[in-house]
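Please look over the sequence and the structure before reading on.

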Amino acid sequence: MDLLNTLVEKGLRRELPTREEALAVLATSDEDVLDVVAAAGKVRRHWFGRRVKLNYLVNLKSGLCPEDCSYCSQRLGSKADILKYTWLKPDEASAAAAAGLAGGAKRVCLVASGRGPTDRDVDRVSETIRTIKERNEDVEVCACLGLLSDGQAERLREAGADAYNHNLNTSEGTYADITTTHTYADRVDTVQKAHAAGLSACSGLIAGMGESDEDLVDVVFSLRELDPDSVPVNFLIPMEGTPLAKEWHLTPQRCLRILAMVRFVCPDVEVRIAGGREVHLRTLQPLALHLANSIFLGDYLTSEGQAGKADLEMIADAGFEVEGADQVTLPEHRAASGGDCGSHGEAGCGSHAEAGCGSHAADGGCGSHAGGGVCGTAATATVAGEPRTDLVAVRRRGAGTDLAPNA
């Protein structure tokens with residue numbers, strides 16, 4: 001296919017595709033999806049080899065958010081039956097982070113619901129960052145606390161934060177349809193503040209909210225212009241009790257095409273499969289590793305994820321390897337001279353995910369994995385295209401509970 005050959009050549013040169021080419025990737029048929037994966041996989045392997053970076057979420061403060069983001073189970077007015085708790089103490093957060101690191105995670109993502117942190121909140125998170133770093137010398141720490149005020153990004157970096165996540169989520173043209181309590185420009189401003197402070201910027205999107213192909217291309221092109229080190233791709237989990245609970249638009253093939261388009265537009269950036277991979281990619285998750293070079297390990301913010309052991313087995317079975325703490329994530333031309341994975345001079349390393357942090361898109365992760373296999377209950381038979389509500393389960397373990405985390 002001439003389109004795919006052209007996109008591979010452009011990806012290897014870090015050349016931006018045209019909007020028409022990006023739209024054409026999304027318009028390819030299910031019959032061609034393996035060709036699309038193979039082409040984008042060449043670009044992924046050129047810049048990242050067969051390494052997969054593991055990230056681990058710690059929800060520092062769950063629920064009770066004053067913002068009205070329609071996709072989020074922690075939103076104002078949410079009726080989702082999620083865990084609700086105030087700030088974890090530094091020792092509690094450090095213990096939660098240790099579980100993920102023991103499971104192979106390289107980065108810990110510290111997330112808190114809310115519009116944005118107060119200065120007291122920044123002090124609190126700074127103490128948590130220092131506690132985690134004192135106990136885990138090589139860990140990367142990304143903060144995701146919402147909209148930043150002047151000077152807060154600098155304070156987080158001084159405390160040892162490596163990165164900051166704040167997702168754009170959707171196109172500027174449709175943002176007001178999703179959220180009314182803050183603007184798209186507010187989100188762009190926070191990403192720019194993080195970048196200017198020397199933090200590795202992480203910003204991504206949520207697919208599956210009813211957006212058009214044009215909206216998806218718009219937000220990914222906007223991300224390319226912002227130039228974050230990491231682009232998390234969340235797939236909406238329609239959680240009961242949220243305005244988007246009935247929005248089931250994604251198929252595994254559609255998710256693969258979206259990831260391929262992101263890889264072609266952002267060829268040398270850490271692309272992370274974030275919230276919703278288990279629910280929407282399901283048994284095709286291993287194919288997505290040929291497109292993205294980063295995932296979350298274990299559970300998400302307010303929802304369950306695939307068993308950590310199953311994640312590690314999937315990576316190995318697909319012929320990939322877990323990225324080590326001593327390996328630099330980003331290609332040499334983007335990496336800092338000091339050896340960190342950031343791309344902005346002395347900036348720290350770049351990834352973050354949140355599987356939705358800053359956007360809380362990961363709030364909907366995937367359900368019951370007691371068997372340790374692919375997400376969902378094995379006995380459930382479904383019709384192709386039918387909503388998989390059986391794969392959505394609220395997190396009841398880990399941070400904010402007395403139960404061991406999934407890592």
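What percentage of the 407 residues of the chain count as buried?

## Overall make-up

The model is a predicted one. Of the 407 residues in the chain, 63% count as buried. The secondary structure comprises 13 helices and 10 strands. When contacts between residues at least 6 apart in sequence are taken, 78% of them join residues at least 24 apart.

Strand β3 covers residues 140–144 and is mostly covered, with five of its five residues buried. Its side chains divide by direction: Glu140, Cys142 and Cys144 point one way, while Val141 and Ala143 point the other way. Residues on both sides of β3 are buried, Glu140 among them.

The partner of β3 described here is strand β2, residues 107–112. The two strands run parallel and are joined by five bridges. In this pairing, Cys109 stands opposite Cys142 of β3.

## Helix α9

Helix α9 runs over residues 213–226, which makes 14 residues. Just after the helix, Asp227 takes a positive phi of about 60°.

The buried residues of α9 are Asp215, Leu216, Val217, Val219, Val220, Phe221, Leu223 and Leu226. These buried residues pack against both helices and strands: α2 (19–26), α8 (184–196) and α10 (252–265) on the helical side, and β6 (205–207) and β7 (230–235) among the strands.

## Asp121 in helix α5

Asp121 belongs to helix α5, which spans residues 119–135. Is Asp121 buried or exposed? Its relative accessible area is 11%, which is under the 20% cut-off, so Asp121 counts as buried.

With neighbours within four places in sequence left aside, Asp121 is in contact with Trp87 and Gly116.

## The second largest pocket

Rolling a probe the size of a water molecule over the atoms shows where empty space is left. The second largest pocket has a volume of about 170 Å³.

Which residues line the second largest pocket? From one part of the sequence come Leu88, Glu92, Ala95, Ala96 and Ala99. The lining also includes Gly398, Ala399, Gly400, Thr401, Leu403 and Pro405. By residue class, the lining divides into seven nonpolar, three polar and one charged.

Note on methods:
Residues numbered from 1 in each chain as written. Predicted model: local features only at pLDDT ≥ 70, side-chain atom pairs only at ≥ 80, totals over all residues. Heavy atoms only, no water. Helix = DSSP H or I, 4+ residues; strand = E, 2+ residues; numbered from the N terminus. Buried < 20%, exposed > 50% of the residue type's maximum accessible area, 1.4 Å probe, protein only. Contact = heavy atoms within 4.5 Å. 1 Å grid on protein atoms, 1.4 Å probe; cavity = no way out; pocket = protein on both sides within 12 Å on 5 of 7 lines; lining within 4 Å. Points joined across faces, edges and corners; volume = space filled by probe spheres on them. Nonpolar A, V, L, I, M, F, W, Y, C, P; charged D, E, K, R; others polar. Expected span 1.5 Å × (residues − 1). Pairing = 2+ DSSP bridges.
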